[in-house]
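Hi,

Here is the structure I promised to pass on. My notes on its charged side chains follow below.

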Amino acid sequence: MGTEAGEIHRGLKGVYFDTSEASFIDGSLGKLLYRGYNIHDLAEQSTFEEVTYLLLYGHLPTERELETLDSSLRDNRGLPEEVVDIIRLIKNCHPMDVLRTGISALSAFDPEAEDKSIDATRRKGIRLTSQAVSIVTAHHRIRQGLEPVNADPSLNHAGNFLYMLTGQKPMDQETNLMDVDFILHSEHGSNASAFAARVTASTLSDLHSAVVTGVGTLKGPLHGGAAESVMKMAQDIGDPANAENYARTTIENGERIMGFGHRVYRAEDPRARHLRERARVLGEQKGEPHWFQILMSLQEVMKPYQNKGIYVNVDFFAGAVYHLLGIPEDLFIPIFALGRIPGWTLQCMEQYENNVLIRPLTQYTGEMDLEYIAIDKRE
Ligand code: SDX
């Protein structure tokens with residue numbers, strides 16, 4: 001049966017399919033570099049705007065270069081009225097489906113939609129980085145029966161996300177928290193959604209189509225959906241004392257503890273620490289310390305699994321941070337997507353620059369050379 005084949009790598013585990021200058025990940029050390037810069041330096045000293053520039057241009061910007069990028073982001077915080085109308089039509093859908101649909105619709109209004117040049121791809125990625133925030137925030141307002149909030153030019157990218165979501169100007173600390181979160185989610189090598197986007201780009205399809213692929217792929221609970229699942233898990237656990245029993249029962253049922261484990265990291269995900277302390281402080285300030293306490297008790301209970309390389313990942317504390325910021329759970333995955341648009345764009349730029357169609361094989365294990373029987377002869 002079937003045909004001879006080479007070794008099969010299910011899930012493409014451990015398979016290198018190309019080279020990349022986007023990010024370096026050492027899974028055993030728990031090390032992450034974006035374009036050569038350590039995530040710890042970027043998370044604590046940079047801004048999402050600066051990291052977006054670094055990812056898309058390959059070097060840290062001068063002040064003037066950063067101003068140019070920032071004004072591009074500011075110039076694209078609005079949406080074509082037709083796209084807002086589409087959002088109104090599908091206002092009861094999951095925000096990830098609205099984001100996916102909104103990005104798809106935006107291609108009809110982007111004069112460079114079919115231009116696959118690197119410069120045009122970069123410009124479209126910058127536009128989409130801003131427009132995606134407008135899609136998510138406009139939808140959240142419309143589904144509450146409210147009108148979308150126009151961006152405030154005095155606020156940065158992260159601050160405008162919170163302002164356009166709630167209509168309230170965020171505190172500096174909340175803006176900084178979202179800025180760090182967007183930095184931590186902006187790029188991570190050939191993760192499932194980035195790989196999917198690259199497959200789309202490798203057929204020489206356009207960036208909007210590739211980003212739509214990325215959004216659809218990120219939605220799954222094994223990938224971008226974890227932060228939403230972590231918060232639901234924390235609510236199910238309810239009290240730090242229940243963490244041990246919850247973890248044991250979940251694993252005994254063959255299920256996964258959300259926010260733990262990673263295809264590449266066999267040490268703690270270096271991004272997690274940048275939200276852990278912030279989640280603790282925010283919980284204290286909001287008078288809701290118990291979410292952080294529940295997560296820390298779960299992390300303690302999961303310690304024995306560290307010898308299997310299972311540690312917290314970037315999504316473990318993210319859900320608690322979003323919840324404490326008053327963000328509804330179904331917006332947690334869209335927030336991940338908003339941060340990841342520069343990364344998806346960079347991955348597509350790399351694919352276009354030295355393209356080869358991505359088309360792996362499957363080993364056929366079905367029947368061979370069967371005789372065709374006319375329908376009136378079949379039993
Ligand atoms: C992201 O790839 C990226 O870079 C993704 C990401 C990015 O920035 O783009 O980092 C973002 O997606 C983070 C991951 C978010 N997902 C979750 O938190 C969901 C829970 N995690 C698991 O589903 C799992 O860890 C995966 C999917 C993330 C990775 O799984 P793998 O690499 O396919 O490994 P596996 O499922 O084969 O597990 C290997 C072993 C198994 O034990 P055995 O069957 O060999 O005895 O580890 C165990 C698993 O049971 N295991 C877990 C576990 N994760 C793995 N056991 C309990 N809880 C978990 N979370």
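A quick definition to start: buried means under 20% relative accessible area, exposed means over 50%, and partly exposed is in between (1.4 Å probe, protein chains only). Bear in mind that this is a predicted model, where local features need pLDDT of at least 70, side-chain atom pairs count only at pLDDT 80 or more, and totals for chains, interfaces and linings use all residues. Residues are numbered from 1 along each chain as its sequence is written, and side-chain values use heavy atoms, with hydrogens and water left out.

Now the salt bridges (a side-chain nitrogen of Lys or Arg within 4 Å of a carboxyl oxygen of Asp or Glu). The count comes to 22.

Asp97 and Lys219 form one of them, at 2.8 Å from N to O. That pair links distant parts of the chain, 122 residues apart: Asp97 is in helix H5, while Lys219 is in the loop between helices H10 and H11. (Helices are DSSP runs of H or I, at least four residues, numbered from the N terminus.) Asp97 counts as buried because its relative accessibility is 18%, whereas Lys219 is partly exposed at 33%.

Glu174 also pairs with Lys286, with the closest N and O atoms 3.0 Å apart. Glu174 sits in helix H8 and Lys286 in the loop between H13 and H14, so this bridge ties together parts 112 residues apart in sequence. Glu174 is buried, with a relative accessible area of 11%, and Lys286 is partly exposed at 33%.

Then there's Asp269 with Arg271, at 2.7 Å from N to O; both residues are buried. Finally, Asp110, Glu112, Arg123 and Arg127 are linked in a salt-bridge network.

Cheers

Definitions and conventions:
Helices (H or I, at least four residues) and strands (E, at least two) are DSSP runs, numbered from the N terminus.
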